[in-house]
Amino acid sequence: MQSLEKEIEELLLSFGINLAIIEKWHIEKAGNSFWLTSKGLKICEGFNMQCKGLRVAEKTKLGWKPTSYFLQFFATYITKKIVEINKNELLSIIKGTPVEKNCENGYVAIRFKGHIVGCGLCKNGKVYSQLPKELAIALSENCR
Amino acid sequence: MEGETLLRYKDIIPDFDALIASINRPRDITIRWNPHKIERNQLFAMLRETFNEVHEIGWYNHAFKLGQNERPGKNFLHALGYYYVQEESAMVAPIVLAPSKNSFVLDMCAAPGGKTTQLSALMENSGTIIANDKAIPRLKSLVSNVSRLGCINVVVTWNDARNLSIKDCFDYVLLDAPCTAEGNLFKKIKLMPKFMRDSLTNLQKALLHKAIEIAKPGSTIVYCTCTFAPEENEGVIANILAKNLAKIEPVRIKIPHEKGLEYFGKNEYGGELKKAVRIYPYHLNSGGAFIAKLRKRD
């Protein structure tokens, strides 16, 4: 098994993601983020790079925040820190109004209609949206 | 009517009446399954629950056709990256390129990412795709689509590909060239002015020349556009063949199409160009496309 940095291992395990699953891919740290790429990803000299692979998580004041697209990508492997919400709750958190949930403080995976839609933040029994703007807009327009 | 119209192609498009009829008709709505995020059968079931009409597409089991009133881009399943909304004709070029797993691929003009994400699916998220585009404003949609679909084998770059200084680097190169987009005309027959077409033709030749330069010897390069203009299609390929940089190979596809043109007006392109294909809107009730497959000489 590749040696992942302890902090990313902890993040994956906290969501119940089996580390063996990651073996077929590659995770690396760049700046304040971890990125998931295919194994042996190559880059040619001379190209101006915007990004590579999928951003897994970024460092925040509260610790490592998983990205919504990463949580979607690993949806089938996530078994912990899942918060179920209904349509009205989804629309509410997207609008900026948190909803009350019985959950531990920290980042969580938001599940709606059986699908992991992205990242939320639990704080003092309330869930806040951490969905990127473009995803939040798409979901709010289309979750009906 | 001033300027050129589709009538300039009356002698080269076998069923010109069908073409005119097709540009006045709504195109089929097609989507492409994203295997990185969901199983095909699961998606098919969800699509049937969500949309009134869902049909499988015989020649490509990654694609589905929906009813013409559907808006699949405005759907929850789309936001989750389970599919990509893409014209059927646009799905052909990546299949012709057919990159193998773990290969090194360049998508030279990649935004907004339809063909890039399809290449990623064909490669089962392995190897590397350099998804390049010159236009920085278009990178946003490219990055967004690559992220939404979970394409972890994609590196997004922003270069004017003409200025790249590398050589003999890639296993496969896709050049979906900037073009006059005549294949996407809807309810109009007026074409872009000739000076714009001439300018694009020069750009297309320069890009294809570079595509061949940076491909490995013996590797595959696919050139495609969504326009009818022979100057932007057969003319560009003939220019490269004349320089003996690559040879043209037959495009073998199981959908209705026409062969590439040997000549247009006074321009002779040669019999080899029959190995390229032209897809007209009436073939699939989709956009138009031109596709040529080249192999770089050793």
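Mentor: Let us start with a contact count, keeping in mind that this is a predicted model: here 37 residues of chain B are in contact with 32 residues of chain A.

Trainee: How many salt bridges are counted between chain B and chain A, and which residues form a salt bridge?

Mentor: The count is one salt bridge, and in it Glu141(A) is paired with Lys74(B), whose closest N and O atoms are 3.5 Å apart; that distance passes because the cut-off for such a pair is 4 Å. Polar contacts are counted separately, and across this interface there are 12 residue pairs in polar contact, both residues being at pLDDT 80 or more.

Trainee: Which elements give two or more residues to the side of chain B that touches chain A?

Mentor: They are helix H3 (76-79), strand E5 (104-107), strand E6 (128-132), helix H6 (136-148) and strand E7 (154-157) of chain B, and the largest share, five residues, comes from H6(B). By residue class, this side of chain B divides into 21 nonpolar, 13 polar and three charged residues.

Trainee: How many bridges join strand E3 of chain A to E7(B), and do these strands run parallel or antiparallel?

Mentor: Three bridges join E7(B) to strand E3 (residues 49-52) of chain A, and the two run antiparallel; within this pairing, Met49(A) stands opposite Thr157(B).

Trainee: Now for the domains: where are the bounds of domain 1 and domain 2 in chain B?

Mentor: Domain 1 of chain B covers 6-27 + 89-296, while domain 2 covers 28-86, and their C-alpha centres lie 24 Å apart.

Trainee: Which three residues supply more than any other three of the area that domain 1 of chain B buries against domain 2 of chain B?

Mentor: Met91(B), Arg148(B) and Leu149(B) do, supplying 39% of that area. Between these two domains of chain B there are zero salt bridges, whereas 12 residue pairs are in polar contact, both at pLDDT 80 or more.

Technical notes
Residues are numbered from 1 along each chain as its sequence is written. Chains are lettered from A and ligands numbered from 1 in the order in which they are written. This is a predicted model: local features need pLDDT of at least 70, side-chain atom pairs count only at pLDDT 80 or more; totals for chains, interfaces and linings use all residues. Side-chain values use heavy atoms; hydrogens and water are left out. Contact means heavy atoms within 4.5 Å. A salt bridge is a side-chain nitrogen of Lys or Arg within 4 Å of a carboxyl oxygen of Asp or Glu. A polar contact is a pair of N or O atoms within 3.5 Å; within protein, one must be able to donate a hydrogen and the other to accept it, and residues adjacent in sequence count only if both atoms are side-chain atoms. Helices (H or I, at least four residues) and strands (E, at least two) are DSSP runs, numbered from the N terminus. Ala, Val, Leu, Ile, Met, Phe, Trp, Tyr, Cys and Pro count as nonpolar, Asp, Glu, Lys and Arg as charged, and the others, Gly among them, as polar. Two strands pair if DSSP finds at least two bridges between them. Domain bounds come from an automatic or database domain assignment. Buried area is the accessible area (1.4 Å probe) that two parts lose on being put together, summed over both.
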